[in-house]
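Please read it alongside the sequence and coordinates shown here.

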Amino acid sequence: MTNKIQLLPDHVANQIAAGEVIQRPASVVKELLENAIDAQATHIQLHIKEAGKTLIQVIDNGTGMLTTDLRLAFERHATSKIRKAEDLFQLSSKGFRGEALASIAAIAHVDAISRTAEDELASQLIIEGSKVMRQNVVTSPVGTTFTIKNLFFNIPARRNFLKSNTVELRHIFDEFHRVALAHPEVEFKMTHNGDEVFHLPKGPLQKRIVGILGAKAAEKLVPIKEETSIVKVGGFIIKPAFAKKTRGQQYFFVNNRFVKSPYLHHALLGAFEGLLQADYHPGYFIYLEVDPQAIDINIHPTKTEVKFEDEQSIYAVVKSTVKHALGMFQIAPVLDFDRDTSLDVSYDTHKQPAKMPSIEVDASFNPFREGKKTTAAPQWESLYSAVEATSLPDDAVQVPLNMPAQAAPKVFQLMQKFIVSSTRSALLIVHQQRAHQRVLYERFLECTATQQSSSQQLLFHLQMELTPEQKAVYDTYEPILKTMGFDVTVTDLAVEVKGIPVLCEQTEVRSIFEAIFELGAPEAEHASFSPSDRMAKTLARVSSIKSGTVLSIQEQQALVDDLFSCKESTLSPFNQQIFITLNQQELDLKFN
Ligand code: ADP
Ligand code: MG
């Protein structure tokens with residue numbers, strides 16, 4: 001009996017291996033673009049014909065290759081990026097397996113031209129199905145050009161398996177977008193069948209995103225930013241109002257590499273919870289920077305998955321950073337006035353020089369007054385010119401209201417829980433507890449920003465004995481509590497509360513301190529919120545008017561006024577929707 005086992009010829013082994021790396025034209029695009037980035041190119045062109053079935057060409061101005069390196073680059077496991085196994089844990093390059101070029105050359109016609117800065121002339125290498133056909137010396141600028149034709153020419157099954165041009169082109173765009181988004185510092189051009197489809201000059205990330213999504217994207221983006229000891233988070237989220245029914249715009253980058261992470265995606269879903277309608281997906285461009293030693297990107301052959309050492313903390317930081325950004329910016333232009341984008345200011349004062357809050361109070365302002373605005377008062381004034389401004393057809397019979405417009409109370413309370421009012425063209429229903437939380441939250445933050453607050457002295461001082469743990473918690477927050485208007489004397493473990501902020505109720509003092517002790521010391525899971533932010537939230541939660549509280553007309557009116565002079569009036573500090581509106585269209589639908 002003769003031996004049955006034989007080694008496969010190289011070209012067959014290469015073809016089989018190539019199938020893993022190169023599934024479709026888009027895989028070639030990805031590998032070539034990433035090689036150009038790894039070669040430090042600052043300018044990259046991608047030319048495609050027939051969705052990559054006829055031509056894929058990548059031209060870069062990177063380091064280029066010496067003649068011998070160009071030859072070696074097409075050998076399996078030939079890489080300049082790692083030398084030993086340990087290098088895998090220090091990776092800063094996109095590639096490292098040394099398989100891409102060998103795979104591409106096994107299943108296509110390749111023309112590679114490359115020149116380094118030291119050389120006067122470039123080398124050219126022509127390979128067809130792993131066979132070197134020719135090697136030339138040519139003239140060419142510094143950098144590398146790969147021209148790939150007849151992909152899968154020797155694997156008809158693969159070629160027939162390719163999808164329509166539309167589908168294949170979509171995959172190519174996806175890869176192009178991922179690389180271009182990961183590298184706004186690199187200029188990209190892309191053509192398809194000779195037409196320019198993208199020209200992305202180098203620039204800030206926001207410009208790159210807009211360059212890819214289109215000019216309208218600019219107003220949809222909310223920046224996110226956080227830095228903790230384990231991860232740096234940056235990028236943008238798409239405002240919930242612009243969410244889509246498709247899952248297209250979801251990008252995570254770890255150390256400038258696009259990754260898929262169902263785990264972190266879950267964190268995003270959590271952060272957007274309650275802000276999206278069913279079937280809508282959050283959009284995000286999130287950039288994480290972590291110590292390369294603390295991740296393993298080696299777990300998947302096409303390297304789009306990542307394993308973090310400290311997965312849970314990263315999850316928590318990402319989620320709270322996004323929540324924070326959603327809560328901090330006016331994210332849903334629900335009201336019918338043109339929003340002033342200068343209101344999109346963060347209160348995150350602990351990272352910015354303190355400045356006076358931008359809320360301007362116009363003492364002479366009277367929401368019931370008719371007529372023109374006399375100052376640059378907040379635009380919500382228009383809310384109350386409600387009824388009279390509604391355009392009615394000329395021949396409409398105007399039924400007089402039972403009270404003249406100026407005197408009529410424009411608010412009423414519903415179910416001891418909501419305040420009902422109207423805007424110029426819509427019915428407005430405000431959740432009283434959440435509205436008050438928002439108002440208090442902003443006022444407490446203002447105290448820490450301006451270092452100014454007003455206190456009220458307690459009639460009966462509150463005496464408390466603290467445990468050492470409670471004392472430690474108290475100590476962390478003491479300076480913040482002082483700036484917010486608390487007057488407290490501490491002797492050892494005994495605490496005497498003599499005064500509290502005017503914003504708090506005297507009857508709530510004990511619950512306030514209980515809530516503070518519950519808050520505990522600042523820990524990693526809260527690391528993305530400043531202690532003053534967390535204290536402001538706690539105080540706002542405990543001191544807010546609760547559902548079930550009956551409010552006078554004046555109180556209702558004042559609360560609505562206060563709400564709409566907040567920097568953010570759509571979401572409570574806990575990211576819950578504060579009000580809803582019903583416009584005529586929506587009402588008409590209900591009466592259909
Ligand atoms: P890997 O990127 O995993 O190292 P590749 O097969 O993609 O493997 O590339 C092999 C080698 O060829 C790279 O390590 C690099 O040294 C060289 N190379 C590939 N593309 C370029 C390029 N555009 N410019 C300069 N060198 C390149
Ligand atoms: Mg590579």
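Are Lys537 and Asp533 buried or exposed? Both Lys537 and Asp533 are buried, where buried denotes a relative accessible area under 20%, exposed over 50%, and partly exposed in between (1.4 Å probe, protein chains only).

**Basis of the description**

This is a predicted model, in which local features need pLDDT of at least 70 and side-chain atom pairs count only at pLDDT 80 or more, while totals for chains, interfaces and linings use all residues. Residues are numbered from 1 along each chain as its sequence is written, chains are lettered from A and ligands numbered from 1 in the order in which they are written, and side-chain values use heavy atoms, with hydrogens and water left out.

**Overall organisation**

The protein chain contains 16 helices and 22 strands; these are DSSP runs numbered from the N terminus, with helices being H or I of at least four residues and strands being E of at least two. Of its 592 residues, 47% count as buried. The chain exposes about 30300 Å², of which carbon and sulfur atoms supply 53%; the areas come from the Shrake-Rupley method with a 1.4 Å probe, and for residues only the protein chains shown count as cover. Contacts are heavy atoms within 4.5 Å. Among contacts between residues at least 6 apart in sequence, 69% join residues at least 24 apart.

**Salt bridges**

Side chains of opposite charge can pair when their charged atoms come close. A salt bridge is taken here as a side-chain nitrogen of Lys or Arg within 4 Å of a carboxyl oxygen of Asp or Glu, and by this rule the count comes to eleven.

| Arg71 | Glu75 | 3.5 Å |

Lys537 and Asp533 are separated by about one helical turn, because they are four residues apart in helix α14 (residues 531-543). Glu442 and Arg438 are likewise about one helical turn apart, being four residues apart in helix α11 (residues 432-450). Glu442 and Arg438 are both buried. In the remaining tabulated pair, Arg71 is partly exposed at 31% relative accessibility, and Glu75 is partly exposed at 38%.

**Helix α7 and Tyr284**

In helix α7 (residues 205-213), the residues Leu205, Arg208, Ile209, Val210 and Ile212 are buried. These buried residues pack against helix α6 (165-182) and against the strands β7 (187-192), β8 (195-200), β9 (221-227), β10 (232-238) and β13. Just after α7, Gly214 takes a positive phi of about 105°.

Strand β13 (residues 284-289) contains Tyr284. Tyr284 counts as buried because its relative accessibility is 2%. Leaving aside neighbours within four places in sequence, Tyr284 is in contact with Phe236, Ile237, Gln249, Gln250, Tyr251, Phe252, His265 and Leu268. With His265, the side chain of Tyr284 makes a polar contact of 2.7 Å. A polar contact is a pair of N or O atoms within 3.5 Å; within protein, one must be able to donate a hydrogen and the other to accept it, and residues adjacent in sequence count only if both atoms are side-chain atoms. The C-alpha atoms of Tyr284 and Val222 are 9.3 Å apart in space, and the two residues are 62 apart in sequence.

**Other buried positions**

Ala18 lies in helix α1 (residues 10-21) and counts as buried at 0% relative accessibility. Beyond its neighbours within four places in sequence, Ala18 is in contact with Arg76, Ser103, Ala106 and Ile107. Ala18 and Ala102 are 84 residues apart along the chain, and their C-alpha atoms are separated by 7.7 Å.

Ser140 occupies the loop between β5 (131-138) and β6 (143-149). At 19% relative accessibility, Ser140 counts as buried. Not counting residues up to four places away in sequence, Ser140 touches Ile113, Arg115 and Ala122.

**Cysteines**

How many disulfides does the structure hold? It holds zero disulfides, a disulfide being a pair of cysteine sulfur atoms within 2.5 Å. The cysteine sulfur closest to that of Cys447 belongs to Cys504 and is 9.4 Å away, which is too far for a bond. Both residues count as buried, Cys447 at 8% relative accessibility and Cys504 at 3%.
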